[in-house]
Every structure is written in C-alpha cells, then in structure tokens.
Amino acid sequence: MQQFWTSSYIKKVFRFDDNHISLQSLYNAEEKKYIPTAHREQRGKINVRKWTNEQIPSIGEKFGFLKRPKEQVVICKYIQKGGVLKTTTTFNEARVLGLNGVRTLVIGADFECSITDVIMDKHEITTLNDRPMTLGLYHLLVENAPLGDVIVKTNLPTLDFIPETHDLVALDKWLNQQTRREYVFKDKVLPLLNDYDVIIFDNGPSWNHLIENSLTSANTVICPLGCNLLAYNASETNLSSIFEFQEKMALDSQKVFMIPTLLERNSLSQQIYGQYLTKFEKYIIPLPIRTSVKGQEALVCKQTILEYAPTSQFAQDYYELITSLWSKIACLGEN
Ligand SMILES: Nc1ncnc2c1ncn2[C@@H]1O[C@H](COP(=O)(O)OP(=O)(O)OP(=O)(O)O)[C@@H](O)[C@H]1O
Ligand SMILES: [Mg+2]
C-alpha cells in the first residue's frame with residue numbers, strides 16, 4: 001500500500017499530462033495553501049515533497065479528473081453472472097472517485113463478502129478471538145445499530161464502506177417478510193446517507209431481495225459483460241431480468257450502462273465483444289477492460305490500477321473507461 005505520494009506520483013495518477021496540468025501549478029497551490037502542505041524529505045540536495053493518503057482527496061478535488069456530481073448518484077452494480085469483475089470495477093470506480101475528492105460509500109451486498117475482502121485491511125490475526133466484530137446492513141436494519149457503528153473508514157477520508165457480513169442471508173429472509181419489501185433500502189437506508197456524493201451497491205451474482213432493493217434505490221445500473229462464451233451465452237437472459245424488474249417497478253428514469261470486461265486477444269473473445277457492441281449499442285461503453293495479471297495484483301495491494309501501475313496501458317484503459325462512464329453518469333443531476 002502506497003503510504004506517501006510524491007509530486008511525480010501525483011502527476012502520474014491524476015494524469016496531469018492528459019489534462020494539461022503542470023507540476024508548477026501543484027507547487028503554487030501548496031504554497032498558497034489551496035491544497036494541504038506536504039512533508040519534506042531530504043534526498044541528497046533535493047527536498048522531496050510527500051503527501052499522505054489522507055491528504056490526497058483534497059488535492060484530487062482541485063487537480064483530479066472527476067468532479068463531484070450535482071446530485072447524489074446511487075449505483076447498483078449487478079449482472080447475474082459470477083467472476084465478470086463486478087467487485088473489481090466497483091472497487092476501482094469507488095477508490096478513483098474517492099481519490100478525486102468525491103465522497104463515496106460502497107455497500108457490500110454479496111453473501112460471499114467479496115468487496116469487504118478487497119477493501120478491508122486485514123490486521124494480523126493470530127487467534128480466533130482476534131477477529132474484529134463487523135456489523136453490516138443486517139445490523140443497521142434489523143437490530144437498529146447506529147449508522148456510525150456500521151460504516152467502516154478506509155485510508156481515504158472520502159471513501160467509506162458498509163461491509164458484508166454473513167448475516168446478509170438472514171437479511172434477505174427478513175426483507176421477504178416486510179411490507180414494501182423492494183423499497184426497504186430506499187426508505188430506510190438512503191435517507192441516512194445524504195452526506196455521500198456517490199453510493200455503490202456491490203451485489204452478488206444471484207437474484208435476491210438485496211438486489212431488488214439496490215435496484216429500486218439506484219438511479220444508475222452498471223452491468224459488466226464478460227467477453228467469454230459463458231458470459232455471452234447468459235447475457236441476454238441475465239439482462240432481461242433487470243429490464244423486466246425496471247418495468248415492473250416503473251424505474252423509468254434509471255440509466256443502464258454496460259461495460260465489457262475480460263477481453264482477450266483471441267478471436268472468440270474479440271467476436272463476443274463485437275456482438276455486445278451491436279446488440280447493446282444503446283447501453284455499452286466501448287472501452288473494454290482486458291484480462292490482465294496487473295488487475296489482480298492491484299487488488300491484492302488494495303490499490304486501483306491507476307495507483308498500482310499508473311504508466312501502464314492497462315491503467316490508461318481504465319482511466320478512459322472511468323472518465324467516460326462518469327461523464328455520462330454525473331450529468332444525471334443536470335437533467
Ligand atoms: N483485468 C483482470 N483480468 C483478469 N482477472 C482479473 C482482472 N481484474 C480482476 N481480476 C480477477 O478476477 C476475479 C473475479 O473478479 P470479481 O471478483 O471482481 O468478479 P465478480 O463479478 O465480482 O464475481 P462474483 O459474481 O463472484 O462477485 C478476481 O479474482 C480478480 O482478482
Ligand atoms: Mg463480486
């Protein structure tokens with residue numbers, strides 16, 4: 001995990017060259033106290049500036065490439081297919097937003113606790129009793145735990161999350177017994193979260209009441225489409241469950257975006273990508289995420305790919321995807 005950010009690292013992660021920003025303007029902003037002051041480390045004759053993770057969102061707000069939305073954006077990440085980078089893209093989008101000073105909350109809604117595994121810092125656990133007690137949505141809704149006890153902070157002050165716990169299975173059963181059971185998150189959870197610019201629900205791959213609740217809460221749905229045969233075969237049926245639910249619940253203004261993932265060099269994967277472009281032309285962002293070991297390595301380090309390998313082509317692809325996606329999502333508030 002990156003502990004300190006030098007100015008040259010900031011320049012790379014925030015794509016200063018793409019956005020015509022000079023390092024001098026960063027230094028000037030620091031001098032005028034528009035951004036936090038860096039620590040100085042003497043390296044030979046040079047004084048190197050070092051900012052902490054906590055300071056980065058204030059810099060991102062001024063020098064980043066994503067702006068805060070005018071209205072709150074609630075995203076439901078879902079497709080009825082496992083392993084197509086739902087959680088990976090949720091983490092990357094959420095952390096990139098946080099780095100850019102956008103106050104973001106990720107809500108883990110997958111029984112398998114995948115986003116929690118990606119975001120949560122594992123303290124050294126030596127005995128079973130050392131395991132931290134984690135509260136989640138179940139405790140907030142069913143046991144009336146205060147919101148503050150359920151929210152977990154990360155090393156960015158702009159990125160929080162509500163972890164998944166194994167009680168989500170019980171929450172799913174509980175939701176089934178409620179009146180207006182599809183609207184419980186919208187009625188009872190969202191009103192508590194006005195301080196966030198963006199809320200992202202990371203869902204598991206099988207349809208359940210948590211997914212219905214996150215769909216009725218969301219103004220945006222993002223569906224990753226794997227560029228492989230299994231994902232392709234399932235895509236049409238899988239997407240129809242979302243569209244049917246939208247119709248049933250009259251979610252007329254909800255936007256749907258599809259992002260192609262796991263694109264490989266072989267011709268089958270390329271053909272599948274081509275099919276997605278024509279079949280889902282209205283929804284697809286034509287900037288695929290390629291299959292890459294770097295994507296996996298970055299997750300292990302709990303970093304976005306932009307932080308992990310900022311000068312790689314893979315990071316450039318992600319940057320273009322996230323900026324394009326965000327320009328379409330954030331204009332929601334301007335309608
Ligand atoms: N660019 C990449 N190329 C290949 N594998 C990747 C890439 N990025 C992430 N991965 C790996 O792919 C695996 C599946 O990703 P992820 O957990 O995001 O999928 P998911 O859609 O959330 O799955 P589930 O439906 O089980 O929740 C993970 O092990 C992750 O480390
Ligand atoms: Mg997942």
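How many residues lie between S2 and S3 in the hairpin that these strands form? In this predicted model, the hairpin of S2 and S3 has 2 residues between its strands. Gly-44, in the turn, has a positive phi of about 65°. Strand S2 covers residues 39-43 and is joined to S3 by 5 bridges, the two strands running antiparallel. Within this pairing, Glu-41 stands opposite Val-48 of S3.

Strand S3 (residues 46-52) also pairs with strand S1 (residues 4-5), in the antiparallel sense and over 2 bridges. Here Trp-51 in S3 is the bridge partner of Trp-5.

The protein is divided into two parts, domain 1 with residues 4-62 and domain 2 with residues 66-334. Taken over C-alpha atoms, the centres of domain 1 and domain 2 are separated by 30 Å. Contact between the domains involves 10 residues of domain 1 and 13 residues of domain 2. On the side of domain 1 that touches domain 2, the elements that give two or more residues are helix H1 (7-13) and helix H3 (56-63). H3 provides the largest share of that side, with 5 residues. By class, the residues on this side of domain 1 comprise 3 nonpolar, 3 polar and 4 charged.

A second open sheet is formed by 7 strands in the order S6-S7-S5-S8-S4-S9-S10, and its pairing is mixed. The edge strands are S6 (152-153) and S10 (255-261), each of which pairs on one side only. Strand S9 (residues 220-226) and S10 run parallel and are joined by 7 bridges. Val-221 is placed opposite Val-256, a residue of S10. Helix H15, made up of residues 313-330, lies across strand S4 (73-77), S9 and S10. The helix runs at about 175° to S10.

A contact between two helices was also examined. The axes of helix H8 (residues 168-176) and helix H10 (residues 209-217) come within 8 Å and cross at roughly 70°. H8 is therefore roughly perpendicular to H10. On the H8 side, the contact is made by Leu-168, Leu-171, Asp-172, Leu-175 and Asn-176, which meet His-209, Leu-210 and Asn-213 in H10. The residues of this contact of H8 with H10 divide into 4 nonpolar, 3 polar and 1 charged.

The model also contains a ligand, ligand 1, which is surrounded by 18 residues. The closest of these residues are Gly-82, Lys-86, Thr-87, Thr-88 and Gly-295. Two elements give two or more residues to the shell around ligand 1, namely helix H4 (86-99) and helix H13 (293-300). In terms of class, the shell around ligand 1 has 10 polar residues, 6 nonpolar residues and 2 charged residues.

Terms used:
Residues are numbered from 1 along each chain as its sequence is written. Chains are lettered from A and ligands numbered from 1 in the order in which they are written. This is a predicted model: local features need pLDDT of at least 70, side-chain atom pairs count only at pLDDT 80 or more; totals for chains, interfaces and linings use all residues. A residue is near a molecule or strand if its C-beta atom, placed from the backbone, lies within 6 Å of it. Helices (H or I, at least four residues) and strands (E, at least two) are DSSP runs, numbered from the N terminus. Ala, Val, Leu, Ile, Met, Phe, Trp, Tyr, Cys and Pro count as nonpolar, Asp, Glu, Lys and Arg as charged, and the others, Gly among them, as polar. Axes are lines fitted to C-alpha atoms, for helices over the stretch in contact, and angles run from 0 to 180 degrees between N-to-C directions. Angles under 35 degrees count as roughly parallel, over 145 as roughly antiparallel, 65 to 115 as roughly perpendicular and the rest as oblique. Two residues are in contact if their C-beta atoms, placed from the backbone, lie within 7 Å. Domain bounds come from an automatic or database domain assignment. Two strands pair if DSSP finds at least two bridges between them.
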